[in-house]
Amino acid sequence: MMAEISYIVVTLRRMGVQERDLEDCAQDVLIVAYRRLSDYDVRLKVQPWLAGIAYNTASDYRRLSRHRELLLSDAANENADSAPSAEDLAGQEQSRALVIQALGEIKLEQRIVLVMHDIEEHSMPEIAAALSIPLNTAYSRLRLAREKLKEAVCLRRRGER
């Protein structure tokens with residue numbers, strides 16, 4: 001169970017939930033998962049199902065007026081503060097912060113597909129089922145998210161944002 005909770009927290013963080021709200025949102029995910037336990041297909045992996053619930057929870061979180069301004073730069077700075085300050089890690093931290101900021105520019109419905117596929121390595125059929133979307137829609141969102149991420153990273157590297 002602890003692995004699933006950690007997974008939920010990481011997924012929520014990737015979806016733009018601020019650090020101070022992670023515990024509350026993770027609890028919301030667990031409550032929804034408990035209520036929808038009868039909907040879960042035991043033949044499938046639990047993580048994509050939980051990611052779908054986390055996606056909806058993060059989406060609701062972002063709709064709240066107090067969260068309209070996503071502060072990904074705070075998350076990047078927080079992560080940079082906890083990393084060792086050795087010179088050889090500086091470039092990695094800059095790249096990581098760049099990607100975190102670029103991810104923040106991708107629409108949430110596209111970002112979840114990108115994160116689940118490219119980072120968490122779930123299959124596209126699993127993702128489509130977890131998000132209750134057609135498989136072709138999932139592929140389309142993945143393609144669009146990759147294009148947007150590439151564009152955002154390139155623009156940030158040139159200092160245009």
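Contact here means heavy atoms within 4.5 Å. With that in hand, here's a quick look at a predicted model, taking in how helix H8 (residues 135-157) crosses helix H6 (residues 108-119), how H8 crosses helix H7 (residues 124-131), and where Thr11 of helix H1 (residues 2-14) sits.

**Thr11 in H1**
- Thr11 is part of helix H1, which covers residues 2-14.
- Its relative accessibility comes out at 1%, so Thr11 counts as buried, given that the cut-off for buried is under 20%.
- Setting aside neighbours within four places in sequence, Thr11 is in contact with Ala51, Ala54, Ile112 and Glu120.

**H6 against H8**
- The axes of H6 and H8 come within 8 Å and cross at roughly 95°.
- On the H6 side you'll find Glu109, Gln110, Val113, Leu114, His117 and Asp118; they meet Ala138, Arg141, Leu142, Leu144, Ala145, Arg146 and Leu149 in H8.
- Sorted by class, this H6 contact with H8 has seven nonpolar, two polar and four charged residues.

**H7 against H8**
- For H7 and H8, the axes come within 9 Å, with a crossing of roughly 105°.
- H7 and H8 are therefore roughly perpendicular to each other.
- Met124, Pro125 and Ala128 are the H7 residues here, and they meet Leu135, Ala138, Tyr139 and Leu142 in H8.
- By class, the contact of H7 with H8 has seven nonpolar residues, with no polar and no charged ones.

How values were computed
Residues numbered from 1 in each chain as written. Predicted model: local features only at pLDDT ≥ 70, side-chain atom pairs only at ≥ 80, totals over all residues. Heavy atoms only, no water. Axes fitted to C-alpha atoms, helices over the stretch in contact; angles between N-to-C directions. Helix = DSSP H or I, 4+ residues; strand = E, 2+ residues; numbered from the N terminus. Nonpolar A, V, L, I, M, F, W, Y, C, P; charged D, E, K, R; others polar. Buried < 20%, exposed > 50% of the residue type's maximum accessible area, 1.4 Å probe, protein only. Parallel < 35°, antiparallel > 145°, perpendicular 65-115°, else oblique.
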